[in-house]
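Student: I would like to go through this protein with you, step by step. Could we look at it together?

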Amino acid sequence: MADSSSTGLTLFSPYKMGKFNLSHRVVLAPMTRCRALNEVPQPSLVEYYSQRSTPGGFLITEGTSPSDASAGFPHVPGIYTDEQVEAWKKVVDAVHAKGGIIFCQLWHVGRASHQVLQPGGGSPISSTNNPISKRWKVLLPDGSHDAYPEPRRLETHEIPQIVEQYRHAALNAIRAGFDGIEIHSAHGYLIDQFLKDGINDRTDEYGGSLENRCKFLIETVQAVVEAVGADRVAVRISPAIDHLDAIDSDPIGLGLAVIERVNKLQQNVGSKLAYLHVTQPRFAAQGQVEFDQDEARFMRTLRNAYEGTFMASGGFTRELGMDAVASGDTDLVSYGRQFISNPDLVLRFKLNAPLNKYNRETFYTHDPVVGYTDYPFLNSESVNEN
């Protein structure tokens with residue numbers, strides 16, 4: 001990803017993200033872990049996020065539901081009830097006690113859900129009536145998997161109600177003490193179902209043209225910005241990712257269209273968003289794919305177009321992250337799977353120490369310890385040897 005030039009920056013260079021002073025550029029990526037029993041954060045979440053906190057380090061929570069109809073996995077946390085807000089306060093307080101900064105990712109999965117996860121057993125909502133193809137399966141509360149059901153296309157007049165759910169959830173997140181909000185608009189979930197022309201088959205003002213397909217996202221960002229302030233709001237997109245059949249005929253055109261509208265929103269409100277979070281094409285359902293120069297150009301084009309802090313994610317190693325920051329291709333790098341199995345990932349990266357291997361089988365279990373808070377830290381001997 002790096003070119004022949006170098007900024008002299010590394011993953012461990014400080015960075016000023018709006019009003020937040022980060023001591024390094026290694027970010028905890030948002031990752032579904034299914035440990036919030038009955039949608040309420042448990043004490044295990046307090047320990048999990050605290051373990052991964054560092055002074056001046058930046059963390060993004062797992063996807064968090066803005067309503068009771070938003071979830072696509074069992075036991076993911078919500079932030080639409082007072083009980084959930086109170087439980088999240090304990091997580092936020094633990095992160096802040098270690099000097100960390102934490103944003104809450106708001107995540108509505110849209111059609112990527114199932115009747116058993118919906119209130120009253122109703123159909124999931126989407127931009128379309130077309131279901132996700134049978135090559136994908138949804139995880140059910142009993143641990144089994146099933147095909148995704150046919151969703152219900154949102155009526156035009158219902159969309160402002162969903163925007164309001166995001167706005168209310170954002171206010172709840174600030175009430176819980178979060179430093180900000182990331183709006184999940186990627187990976188085939190609800191907002192991405194409006195953005196991608198491979199899914200969105202609407203004929204109303206939210207379908208067809210790029211302008212129309214971006215409308216739901218921009219209305220949501222605008223509402224959240226008005227509620228909590230632009231510098232507390234971020235957006236995640238994945239124009240080139242086909243996860244859950246989220247295909248677009250012109251990924252770079254879509255990415256640039258979103259960025260153009262976010263830039264304009266920033267100009268209109270007179271303040272930049274906290275950051276734009278982009279998943280690069282190497283992220284795929286079956287794991288990493290080989291990095292190539294086309295991908296580098298894709299990410300660099302979006303990075304150069306966005307007027308603000310740029311965060312990249314998707315298959316980064318320590319070395320690729322160092323290269324991306326040094327070449328100026330990104331300001332921040334978010335890490336997922338490596339952070340799952342290495343609660344002290346930042347220290348391990350600094351020392352270039354060996355990493356614990358992750359166990360994919362425990363990614364989405366409900367055990368509060370196994371595969372969640374029991375991955376080992378470097379011991380003092382390992383630190384001294386390095």
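Student: In which sense do β4 and β5 pair, and over how many bridges?

Tutor: This is a predicted model, where local features need pLDDT of at least 70, side-chain atom pairs count only at pLDDT 80 or more, and totals for chains, interfaces and linings use all residues. Residues are numbered from 1 along each chain as its sequence is written, and side-chain values use heavy atoms, with hydrogens and water left out. Strands here are DSSP runs of E with at least two residues, helices are runs of H or I with at least four residues, both numbered from the N terminus, and two strands pair if DSSP finds at least two bridges between them. For β4 and β5, the sense is parallel and the number of bridges is five.

Student: Which residue in β5 is the bridge partner of F58?

Tutor: β4 spans 58-64 and β5 spans 101-106. Across from F58, the bridge partner in β5 is I101.

Student: And which residue of β4 does L28 stand opposite?

Tutor: β4 also pairs with β3, in the parallel sense over two bridges. There, L28 stands opposite L59.

Student: What covers the buried residues of α1?

Tutor: Helix α1 covers residues 43-51, and its buried residues are S44, L45, Y48, Y49, S50 and Q51. Contact means heavy atoms within 4.5 Å. By that rule, the cover includes β3, β4, α2 (82-97), β5 and α9 (337-341).

Student: Now to β12. Which of its residues are buried on each side?

Tutor: Strand β12 runs over residues 275-279, and five of the five are buried, so it is largely enclosed by the rest of the structure. Both faces are covered: one side has Y275, H277 and T279, the other L276 and V278.

Student: Which residue of β12 is the bridge partner of A234?

Tutor: Strand β11 (residues 233-237) runs parallel to β12, and four bridges join them. The partner of A234 in β12 is Y275.

Student: Is T220 buried or exposed?

Tutor: T220 sits in helix α5, residues 210-228. Leaving out residues up to four places away in sequence, T220 touches V163, Y166 and I183. Its relative accessible area is 0%, so T220 is buried.

Student: What about R135, buried or exposed?

Tutor: R135 lies in the loop between β6 (125-126) and β7 (137-139). From R135 to Y148 there are 13 residues in sequence and 9.6 Å in space, C-alpha to C-alpha. With a relative accessible area of 57%, R135 is exposed.

Student: Zooming out, what radius of gyration does the protein have?

Tutor: The C-alpha atoms fill a box of roughly 60 × 45 × 40 Å along the principal axes. The radius of gyration is taken over C-alpha atoms, and the globule rule is 2.2 Å times the number of residues to the power 0.38. For 386 residues a compact globule would have a value near 21 Å, which agrees with the protein's 20 Å.

Student: Finally, what percentage of the residues is buried?

Tutor: The secondary structure comes to eleven helices and 14 strands. Among contacts between residues at least 6 apart in sequence, 73% join residues at least 24 apart. Of the 386 residues, the buried ones make up 58%.

Note on methods
Buried < 20%, exposed > 50% of the residue type's maximum accessible area, 1.4 Å probe, protein only.
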